[in-house]
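Work through the exercises below with the sequence and the model side by side. Try each task before reading its solution.

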Amino acid sequence: MKTIIIGGGPAGMMAAITAAQNGDDVILLERMRSVGRKLSITGKGRCNVTNNAPIDEFFQNIPRNSKFLYSALYQYTNEDLIRNLTKLGLKVKVERGQRVFPVSDNALEVVDKLKKEMDRLGVKVIVNTKVNQILVKDGKVEGVKTDDKKYSCDKLIIATGGKSYPLTGSDGNGYRLVQELGHTIVEPKASLVPLETYEKNELQGLSLKNVAITVKDGDKKIYEDFGEMLFTHFGLSGPIVLSASSYILRVKNLEEKLKQKKITIHIDLKPALSMEKLDSRVQRDFEEHSRKQFKNCLDDLLPAKMIPYIVKLSHIKEDKQIDQVTKEERTTLVNLLKDLTFTMKDFRPIEEAIVTAGGVDVKEVNPSTMESKIVSRLYFAGEILDVDAYTGGFNLQIAFSTGHLAGSVSKDVE
Ligand SMILES: Cc1cc2nc3c(=O)[nH]c(=O)nc-3n(C[C@H](O)[C@H](O)[C@H](O)COP(=O)(O)OP(=O)(O)OC[C@H]3O[C@@H](n4cnc5c(N)ncnc54)[C@H](O)[C@@H]3O)c2cc1C
């Protein structure tokens, strides 16, 4: 059977490997000059390839259409992926939050192992080749058209990814290819994306570890997390902020709420200490430095870059002698340390998102095969589908599992 795959990301490469293992004659068409461009920058170049949690727990980390992924994830689990990557010579390790990374901390090694396996199995990888049209006759896929050539096939797997980081090759053009065939595209939106805030950011470049954030919609808590974050020129970023974004995305009437300044991010700079404990700690510091000016006694509590900002927000005069600081003023300071609030203005653009929420409507795709319900012999894999997950390696597992399922189904050629 002749199988063509459009897109050489993790989903496409896994589909190619699986189809070739099943004896298909496989061609993979990739528009960029090499495969796996996005994969090579994942996990800050370290590639958080999957998660080591029991596969049942994956579904809690997939906020949208998780049921659609039952077959794909159970048929090719994280354990299967780890086993197969190990067979390909990739050693992996498990880090905080059960995140799985290559021991080498090098995403390029993952790309390299997949490429070598495709080579070994005789997959014909054709790069610098963009598919412009899918050819269909009598409701069945016949082939694809590139700028200068037509390729015929018995089965077509489309794995063109989402819309984020378009310089990696995934710019959303795959949506048009299948829209032309009658598929519905659920509006693509940024997920796992930095947040713009109304506050001017004087803390740009500062990164914080071991802080807690709470995101609120009015008075309602919608997200809580603990870990690392980063202040940028536009607002907030870093792992816990990116994760928060995919919860915020699901708030009803979000646009209106953003305009009304209802979505707020509360940073607890001292999550290990209760309000009372922090107050005693500050009191102790103040007693120790009673003759110093206020601005000069915060070094033990805060990173240097944050001190002028907190001093300003506290409305305590920076040169006030510590023994003149009132209890009320101290309480204001403690409150600030436990709840430094920012108001969300918007998400950063989809180009800066880690994943795209939205994509091919899964109602039009058979979950046990990944085949289109509209066009026979057309299969989907990876982020082109309307599925997305939180951070932790879940998105790559989805790409690998759907790629494996789409590649493993052998269609009788009539
Ligand atoms: C900065 C960053 C870090 C990330 N880190 C992680 C992480 O650590 N862990 C994790 O789980 N997820 C991570 N992700 C998400 C993960 O990379 C994606 O979910 C995953 O790559 C999706 O795989 P895919 O194969 O569906 O699509 P992609 O990887 O986007 O691949 C699609 C491929 O199709 C090609 N293509 C598109 N259109 C055409 C066409 N018309 N013709 C031919 N080829 C075409 C593209 O060039 C591209 O190579 C990260 C994403 C980003 C942007």
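**Exercise 1. Domains**

Into which domains is the chain divided, and what are their bounds?

Solution. Some ground rules come first. The model is predicted: local features need pLDDT of at least 70, side-chain atom pairs count only at pLDDT 80 or more, and totals for chains, interfaces and linings use all residues. Residues are numbered from 1 along each chain as its sequence is written.

Step 1. Domain 1 covers 2–189 + 358–408, and domain 2 covers 194–348. These bounds come from an automatic or database domain assignment.

Step 2. Take the centres over C-alpha atoms: those of domain 1 and domain 2 are 39 Å apart.

Step 3. Look at the contact, where two residues count if their C-beta atoms, placed from the backbone, lie within 7 Å. Domain 1 gives five residues and domain 2 gives six residues.

Step 4. Sort the domain 1 side by class: two nonpolar, one polar and two charged residues. Nonpolar means Ala, Val, Leu, Ile, Met, Phe, Trp, Tyr, Cys and Pro; charged means Asp, Glu, Lys and Arg; the others, Gly among them, are polar.

**Exercise 2. The ligand shell**

Describe the residues around the ligand.

Solution. Step 1. A residue is near a molecule if its C-beta atom, placed from the backbone, lies within 6 Å of it. The ligand has 39 residues around it, and Gly7, Gly9, Gly161, Gly169 and Gly382 come nearest.

Step 1. By class, the shell holds 16 nonpolar, 17 polar and six charged residues.

Step 2. Assign helices as DSSP runs of H or I with at least four residues, and strands as runs of E with at least two, numbered from the N terminus. Helix 1 (10–21), helix 2 (42–45), helix 7 (173–179) and helix 13 (394–408) each supply at least two shell residues. Helix 13 has the largest share, four residues.

**Exercise 3. The whole chain**

How many helices and strands does the chain have?

Solution. Step 1. Count 13 helices and 19 strands.

Step 1. Along the principal axes, the C-alpha atoms fill a box of roughly 90 × 45 × 35 Å.
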